[in-house]
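Hi everyone, thanks for coming. Have a look at it first, and then we'll go through it together.

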Amino acid sequence: MPDEIFGKYKKAGRVLDEVRKEALAKIIRPRAKILDIADFIETKIVEKGCRPAFPVNISIDDIA
């Protein structure tokens, strides 16, 4: 795999980790609106210099 592509995968993984931790700490709570959570996640991804490959997908327990 070319270094440029590998670097993009590494950056995506770092951003994923950061955004996941931030969402868990700040917005994911019982009775939080799913749309608010999705908007928060997508906004943070863009703020960190990336862009979502597709809209955020959220499931509650076993219901997608």
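I'll start with the overall picture, then move to the core, a charged pair, and a pocket.

First, please keep in mind that this is a predicted model. The protein has 64 residues, and buried residues make up 16% of them. How many helices and strands are there? There are two helices and zero strands. Helix H1 covers residues 3-26, and helix H2 covers residues 34-47. Along its principal axes, the C-alpha trace spans about 45 × 25 × 15 Å. If you take the contacts between residues at least 6 apart in sequence, 38% of them join residues at least 24 apart.

Now to the core. Which residues form the largest nonpolar core? There are seven: Val 15, Val 19, Ala 23, Ile 37, Phe 40, Ile 41 and Ile 45. H1 and H2 are the elements that give two or more residues to this core, and the largest share, four residues, comes from H2. As background, nonpolar side chains in soluble globular proteins tend to be buried together.

Glu 22 is found in helix H1, while Lys 44 lies in helix H2. Are they buried or exposed? Lys 44 counts as buried because its relative accessibility is 17%, and buried means under 20%. Glu 22 also counts as buried, at 16%. Their side chains make a polar contact with each other, at 3.2 Å.

For Glu 22, the list is Ile 27, Phe 40, Lys 44 and Lys 48.

Lys 48 is partly exposed, with a relative accessible area of 29%. Beyond its neighbours within four places in sequence, Lys 48 is in contact with Lys 11, Val 15, Glu 18, Val 19 and Glu 22. Take Lys 11 as an example: Lys 48 and Lys 11 are 37 residues apart in sequence, and their C-alpha atoms are 9.7 Å apart in space.

Last stop, the largest pocket. About 610 Å³ of space lies in it. Which of its 20 lining residues are closest to the centre? Those are Ala 12, Leu 16, Ile 45, Pro 52 and Ala 53. H1 and H2 each supply at least two residues of the lining, and H1 gives the most, with nine. By type, the lining divides into 14 nonpolar, two polar and four charged residues.

Setting aside residues up to four places away in sequence, Ile 45 touches Val 15, Val 19, Cys 50, Arg 51 and Pro 52.

Key
Residues numbered from 1 in each chain as written. Predicted model: local features only at pLDDT ≥ 70, side-chain atom pairs only at ≥ 80, totals over all residues. Heavy atoms only, no water. Buried < 20%, exposed > 50% of the residue type's maximum accessible area, 1.4 Å probe, protein only. Polar contact = N/O pair within 3.5 Å; in protein donor to acceptor, adjacent residues only side chain to side chain. Core = buried A, V, L, I, M, F, W, Y, C linked by side-chain atoms within 4.5 Å. Contact = heavy atoms within 4.5 Å. 1 Å grid on protein atoms, 1.4 Å probe; cavity = no way out; pocket = protein on both sides within 12 Å on 5 of 7 lines; lining within 4 Å. Points joined across faces, edges and corners; volume = space filled by probe spheres on them. Nonpolar A, V, L, I, M, F, W, Y, C, P; charged D, E, K, R; others polar.
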